Amino acid sequence: MTMKNMSYTFFRHIAILMFSAIFFSSCSEKEYSIPEGGADLQNDVIKRSLGPNLVGLDIEFAYAMALPKQKGKILWAQVEASIAGGEETYLENKSYYTHSGSDEINGGTDVGVVIGKPSENQGAKTIVNFSRDTSAATLRYFYDVPEQARGKKVEFTFTAKSSDGSTVSYKMGPYQIAVMDMVLNLEASDNQACYLSIKDMTFYSAAQAATRPQEIDLVYLYRGELNSFGHALVSPGADRQYLPQVDLPTGLSRSTKMRREFGLRDQQLGNPKYGIYIDDVDFQQLDVSDSPNYALNLKEEAGAWLETQDGTYRAYVFVNKIDNAGAKATLSMKRYKLK
């Protein structure tokens with residue numbers, strides 16, 4: 001995924017405006033002088049969230065605005081999206097700064113100061129009216145990606161107005177919204193909730209699976225006593241040797257091609273410490289045509305690529321956690337619809 005280079009020059013300038021009264025000392029003999037700030041209302045934006053933009057998740061920005069104190073105060077700030085966001089879209093009514101303390105508890109943490117009323121959504125616009133007398137603020141904007149934006153591009157216009165009559169705007173985007181879906185922390189249990197439907201992105205019991213046989217793509221099972229079997233995902237249509245001691249409900253016969261992957265740890269599926277993201281293009285280029293219809297001995301923090309028998313879906317299943325004693329596993333999944 002290509003990441004946009006982000007400049008922090010203006011945010012440093014904002015800090016100068018906000019803390020211009022602070023005295024800076026220098027270790028050198030040459031006296032330090034504070035750079036002069038701009039004479040008018042200014043603004044800048046950075047995108048804080050990383051990775052693919054998924055329906056149901058937030059795209060997060062930080063919106064900074066400032067003008068010299070003698071020029072007036074900020075009256076309001078708003079963000080307008082080219083596609084109206086979901087109900088959870090909002091613009092923070094707190095301005096954030098980083099605590100400069102050196103103690104372990106507070107040092108480097110973000111501190112929020114209330115500057116206005118909670119934001120209101122008016123169609124595609126999200127507005128915060130300021131109630132605090134302030135000439136500088138940095139607000140966070142969270143765009144709840146709606147279903148209407150799936151597979152499309154979305155742009156944002158950030159705007160601020162000050163009491164001296166000035167208005168400034170800053171455009172961001174366009175940003176591609178992914179086609180794929182994602183589900184986190186599905187609980188699979190051997191011989192219980194063990195029948196996986198890629199279409200529904202959930203596990204079913206045997207009784208539930210029997211009512212929807214054409215929607216069950218895989219069976220989760222754990223056979224620790226069998227060498228090199230362990231935790232596995234196996235197609236109902238696989239050879240019976242790969243479904244030991246499994247009494248399949250009537251009608252289950254789908255065959256799903258699968259390929260194990262041990263080195264792919266997607267950040268959105270797994271843990272923030274990872275810097276890898278699976279995106280739409282990865283599914284578009286996926287080829288598992290020569291792969292088997294089972295994946296044995298799955299490992300924690302590894303996964304498997306798959307494609308359903310009818311070619312409707314491709315997916316990547318990530319193993320978050322395995323429990324040998326309980327014959328259980330926690331799985332997360334990204335799924336791409338081909339047709």
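Before the sheet itself, a word on terms: strands here are DSSP runs of E with at least two residues, helices are runs of H or I with at least four residues, and both are numbered from the N terminus, while two strands pair if DSSP finds at least two bridges between them. Please keep in mind that this is a predicted model, in which local features need pLDDT of at least 70, side-chain atom pairs count only at pLDDT 80 or more, and totals for chains, interfaces and linings use all residues. Residues are numbered from 1 along each chain as its sequence is written, and side-chain values use heavy atoms, with hydrogens and water left out.

The protein has three helices and 21 strands, and five of the strands form an open sheet, in the order S14-S13-S15-S16-S18, with antiparallel pairing. At its edges are S14 (202–204) and S18 (294–295), each of which pairs on one side only. S13, residues 195–197, runs antiparallel to S14 and is joined to S14 by three bridges, with Leu196 opposite Phe203.

Now to Arg260, which sits in strand S17, residues 257–261. Arg260 counts as partly exposed because its relative accessibility is 38%, the class between buried, under 20%, and exposed, over 50%, with a 1.4 Å probe and protein chains only. Beyond its neighbours within four places in sequence, Arg260 has contacts (heavy atoms within 4.5 Å) with residues including Ala295, Asn297 and Gly303. A polar atom of the Arg260 side chain also lies 2.8 Å from the backbone oxygen of Leu296.

How values were computed. Polar contact = N/O pair within 3.5 Å; in protein donor to acceptor, adjacent residues only side chain to side chain.
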